[in-house]
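Colleague: I am new to reading protein models. Could you walk me through one, feature by feature?

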Amino acid sequence: MHDFATTRLSSRGQIVIPEAIRLRLGLEPGTEFLVLGEDGTVVLKVIEAPSMQEFDEVVAKAREGARRAGLRGSDIAEAIRAVRSP
């Protein structure tokens, strides 16, 4: 089911997300959004932290890629020191 509603842009560039949509999506004060705009269309996408499983999968892929590239933990630490050095 899709809820449709109208809203207005305030003089401060703010919009109100209608209550029915906020409740259905569980939006609370402080919820962060990615805002995309093009050709008269504005899309708000809730920014959500990945689940621990998704995070673990990304870390595993990064580790596998580093292993295949022949990187060691000391290589990473050295690269970080080099970037942080003035």
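**Reading the model step by step**

Modeller: Start with a place in the chain. Aspartate 39 sits in the loop between β1 (33-38) and β2 (41-46). Keep in mind that this is a predicted model.

Colleague: What is the phi of aspartate 39?

Modeller: First the general idea. Most residues other than glycine have a negative phi. Now this case. Aspartate 39 is not a glycine, yet its phi is positive, about 50°.

Colleague: Is aspartate 39 buried or exposed?

Modeller: Exposed means over 50% relative accessible area. Aspartate 39 has 73%, so it is exposed.

Colleague: Which residue just after α2 takes a positive phi?

Modeller: That is glycine 70, with a phi of about 80°.

Colleague: Let me step back. What pattern does the protein chain follow along the sequence?

Modeller: The order is α-β-β-α-α. That comes to 3 helices and 2 strands. The radius of gyration is 21 Å, well over the 12 Å that the globule rule gives for 86 residues, so the chain is more spread out than a compact globule.

Colleague: What box do the C-alpha atoms fill?

Modeller: Roughly 55 × 35 × 30 Å, along the principal axes.

Colleague: How many of the 86 residues count as buried?

Modeller: Buried means under 20% relative accessible area. Here 3% of the 86 residues count as buried. Look at contacts too. Among those between residues at least 6 apart in sequence, 5% join residues at least 24 apart.

Colleague: Where is valine 16 placed?

Modeller: Valine 16 lies in the segment before α1 (19-25). At 53% relative accessibility, valine 16 counts as exposed.

Colleague: Which residues does valine 16 contact, leaving aside neighbours within four places in sequence?

Modeller: They are Thr7, Arg8 and Arg22. Now compare sequence and space. Threonine 6 is 10 residues from valine 16 in sequence, and their C-alpha atoms are 9.2 Å apart.

Colleague: Last one: how many side chains are positive and negative?

Modeller: The protein chain has 12 positive and 13 negative ones. The centres of the two sets lie 5 Å apart.

Notes
Residues numbered from 1 in each chain as written. Predicted model: local features only at pLDDT ≥ 70, side-chain atom pairs only at ≥ 80, totals over all residues. Heavy atoms only, no water. Helix = DSSP H or I, 4+ residues; strand = E, 2+ residues; numbered from the N terminus. Rg over C-alpha atoms; globule rule 2.2 N^0.38 Å. Buried < 20%, exposed > 50% of the residue type's maximum accessible area, 1.4 Å probe, protein only. Contact = heavy atoms within 4.5 Å. Lys, Arg positive; Asp, Glu negative; His and termini not counted. Charge placed at Lys NZ, Arg CZ, Asp CG, Glu CD.
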